[in-house]
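Please read the following report alongside the sequence and the three-dimensional structure, which are shown here.

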Amino acid sequence: MNVGVIGSCLSNLPAALLMADYGWTRLNNSAAQRSDLFVSQVIEGREPPPLPLVQELFGVDPAADDANRFLRENYRHLCGMTEIEPSRPGLWANLHQAKFDLLLLDNLNDLSAEIVRYKGAACDPFDIFFPLHLIDVHAALAESIEVGTPLTPQQSADNWIEITRFVKALQPRARIIFSSAPYCTAIGDPGRYERAIGFHDLFVDRASAMGVEVLPPTNLPVSLTRLPDDRNHFDMSVYRALAGHMHMSVLSGWSNWTNKPLPREVVEAEVDHSCTPSPQVAEAVSDSDKSLLPVVAAAIGAPAEEIGEDAAMNRTEKWDSLKQIGVVLAVEEAFDVKLPFEATTEAVNVPALRRFLLEVGVRAADHVDAAEAPDKADRPPAVSAPDAPRDSLGPRLVAAPVDWGGADSGRNLFADFLARARSHPRAPYLLLVHGKERRVISNGEVLADALSVAARLTHLPRGAVVALVLDHSAHLYSGFIGCILAGLTPTILAPRTPRQDASVFQDSMSVLFRRIRPAAVLTGGAAADSVPSGDFDLVDMARLAPADADEVAGFAPPSPTEGFGEVVAFLQHSSGTTGHKKGVMLTHTQVLEQVRLYSAAIGLEAGDRIASWLPLYHDMGLITSFILPTIMGCPIISLDAQEWVVRPGLLLDLIESEQAQYCWLPNFAFLHIVRNDRTRGRNLGSMRMFVNCSEPCRAAAFDAFLERYAEAGITPDRLQVSYAMAENVFAVTQTEAGQVTRRLADDGAEYLSSGRPLQGAAVEIRDPDGWPVPLGQLGEIWLRSSCLFGGYHRLPELTSKRLIDGWYRTGDLGRLNDGELFVVGRTDDLILVNGRNIVAHEVEDQIAAVPGVAPGRVLVAGEFDDEVGTSRIIVLAESLPDDVLDEAAMSAAIGEMVFGSTGVTPATIRLLPRGYLVKSSSGKLARRASLNKFANDGMSLVEAEA
């Protein structure tokens, strides 16, 4: 018997069991990600762009395992189909050439699958199912993509009727069984429930008339589902039952009895989800008398002596993807356990199978590393008896405000947190959202972990630099706090992202490590690969046990209330877009002064909630979403930055559910949320302030956000702006709370005011020689304040160039208007040509619209030409891969674009291969590094075209 699939796991898993239990042959193993893609690309023949172009557009690094493997194995010639075994004939070929006895269809992916639409300038718009979490979605790509909404029941039903007609015309003798997607997995998602029920009502009669057997939406007890983390899968026994039904249906020739009308109370019956089981977690690990290797050998039909620790799917003979389910089922039966569903796709080798067994509390008799799963009972006791795990901050708890008047000016910047955590250890400190994890971490838990770090590093001298190289996790907070309390100098550094050039990153990180000379590095997991070799203490954060109650109570030296004032608290490293990263040295007094002034300027109070996706290795995230709330006693809601980029609406979900009051966003983030948030009917009334803190801040971002969320309670006075930088701890200026932000038109662009300087700060606009310019004129922003840093770590020459007579020259371009600051760019963005001011990033935005230019991969700069006595414009642009690309025409179009917007003809236009220009950890072009690279390749910038 031959079986084929057009659907999801709801069909693929029963098909696999038809093979394992009844000896059927599966002619294809395809997954239709959504019915509309199948219709447009398989039936209507709309060809998607070629795979290499998709890889270029989404920035898939050929050396990156996950994203590249997904495209390489799954793309085939159809964006909408996944051929899990690309070595076999695809569904299209089999439908035309083979004979199917059974075709299994289902609409599960129509309930929630979201299609990515690429709508950038590089090519015509196209739709694709692509897991964005596998790549680094930087700002330029975010501008070019849009994530769609799930299909409506009517759209889905119409698509599947068309697919059924198409399939029946090619395979008239095949039996078709259609499994309507379940609705018992729609807990907390009424939209999913309505889509499941609505589809069946619209589809069943039409399909039955075509001779299709339609299985109604499954309504099973929650004990058989994979909730709460997995809405798409059931216990394996469900799929085995479905396989048995399908087997009997085909062999017996049953009529379509399942298509007869069912009582509405049965079809629409709701399950009592109050007893939803928690995921199985082993409290202890027990030793089994069974060995794993013989079980694997028997499952794949191989001699036992051929199976060792290196046995793996697609590496070991007879262990292929079709045998994988059999291996997992055999392990479950042999050890009498239920493995997580992920084991069917992730336990693809012997070590992975051992890890899954350990997760459910079983150590096989032939286990090779007994230390791999320490017994939880061996962990030291927590600060106090732990509460049940929470996934919400709960009701607002008002913390005691910081006593700024009576506080010791020489205290540790986390002295207030230390006292608060000791007096209220169970109060929530952080709601951490990362992948499937959504967990509240209390003051006491953070302090216990922080003190374990302090204890681990007691051998280091006070002031020693400690680098934190970690992915998004609670360890970032506790590790940083632990270092501060211990009198050490932490600095958070970004791990490498998939889009960063590996060699450039390693060179930069090695140079940085040689300069800052860390005495220790806190790391763990995949982030550890970003740490260069060196003479320092390497600490795996996952292996540190939290301090016990006695250690917390007895922590004293060094005293948190004295002797810290002018001591450097931490180093904040800039993004490095203009060279290697510079460590900004900030003292405890400077940080506390910033928190005092800035919290007063924005009206932040103890107990207010701050929602953020910002990474902590940038000053915006470090201060607003970590240090500021930690000192003030404000719970933090922290979402992983990569997850936010893919699903920006998650931030608003958290703001709604947790009733947050403050959120800081860079300018592009406002537009990214508007374009990709699909939820309607939001209530954002709890928010006091969204703060735009990225230069330059454009009015268009606020306009779009207001239009989209006015009905959600967002008013113009809740959208504010701040001008901030690490060298001033954070904020230099801030618009007035409760007032509408002013705007100013500048050469066709409308900019937002960044507000007035904070108390104790002064701002001047100066010319390139350092002299003040007339009021309202564009120039470089100079700063003086009580929060101003003392210099760059181990960079005395740079410090002397930037700190002059108590003033800091920021390198930013702006103007003052009625006492308010308007920031328009960087001085290195300003090109002076024949007395004309040209802002580079504005010209770059225009060039990006030229067909064939890679989005976000344009650099415009100026180089002074002694012969003519002025600067000349150079343009470096990466082109998209295209065999028929007319470089001459592209260069001409770029020249016309630049001349049309500036009145100046570029002296140099050079088209470069994709990936040539260097980017920083923040996703921005590293301007100086890119120009140096170009020059080092042997070409003078001005004479490159000669």
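## Basis of the description

This is a predicted model, in which local features need pLDDT of at least 70 and side-chain atom pairs count only at pLDDT 80 or more, whereas totals for chains, interfaces and linings use all residues. Residues are numbered from 1 along each chain as its sequence is written, and side-chain values use heavy atoms, with hydrogens and water left out.

## The parallel sheet

Four strands form an open sheet in the order β16-β15-β17-β18, with parallel pairing (strands are DSSP runs of E with at least two residues, helices are runs of H or I with at least four residues, and both are numbered from the N terminus; two strands pair if DSSP finds at least two bridges between them). Because β16 (489–492) and β18 (537–540) stand at the edges with a single partner strand each, one side of each is left without a neighbour in the sheet. Neighbouring strands of this sheet are turned by 20 degrees against each other on average, direction ignored.

Within this sheet, strand β15 (residues 465–468) runs parallel to strand β17 (residues 520–523) and is joined to it by three bridges. Valine 466 has alanine 520 in β17 as its bridge partner.

## The antiparallel sheet

An open sheet of three strands has the order β7-β6-β8, and its pairing is antiparallel. Here β7 (126–128) and β8 (145–147) stand at the edges, each with a single partner strand, so one side of each lacks a neighbour in the sheet. Strand β6 (residues 116–118) pairs with β7 over three bridges in the antiparallel sense, and valine 116 stands opposite isoleucine 128 in β7.

## Helix α16 and its surroundings

In helix α16 (residues 415–423), the buried residues (under 20% relative accessible area, with a 1.4 Å probe and protein chains only) are Ala415, Asp416, Phe417, Leu418, Arg420 and Ala421. These buried residues pack against β13 (428–434), α17 (443–456), α18 (474–485) and α22 (619–632).

## The α18 and α22 pair

The axes of α18 and α22 (lines fitted to C-alpha atoms over the stretch in contact, with angles from 0 to 180 degrees between N-to-C directions) come within 12 Å and cross at roughly 60 degrees. In the contact (heavy atoms within 4.5 Å), Leu476, Tyr477, Phe480 and Ile481 of α18 meet Leu622, Ser625, Phe626, Ile627 and Thr630 of α22.

Note on methods:
Buried means under 20% relative accessible area, exposed over 50%, partly exposed in between (1.4 Å probe, protein chains only).
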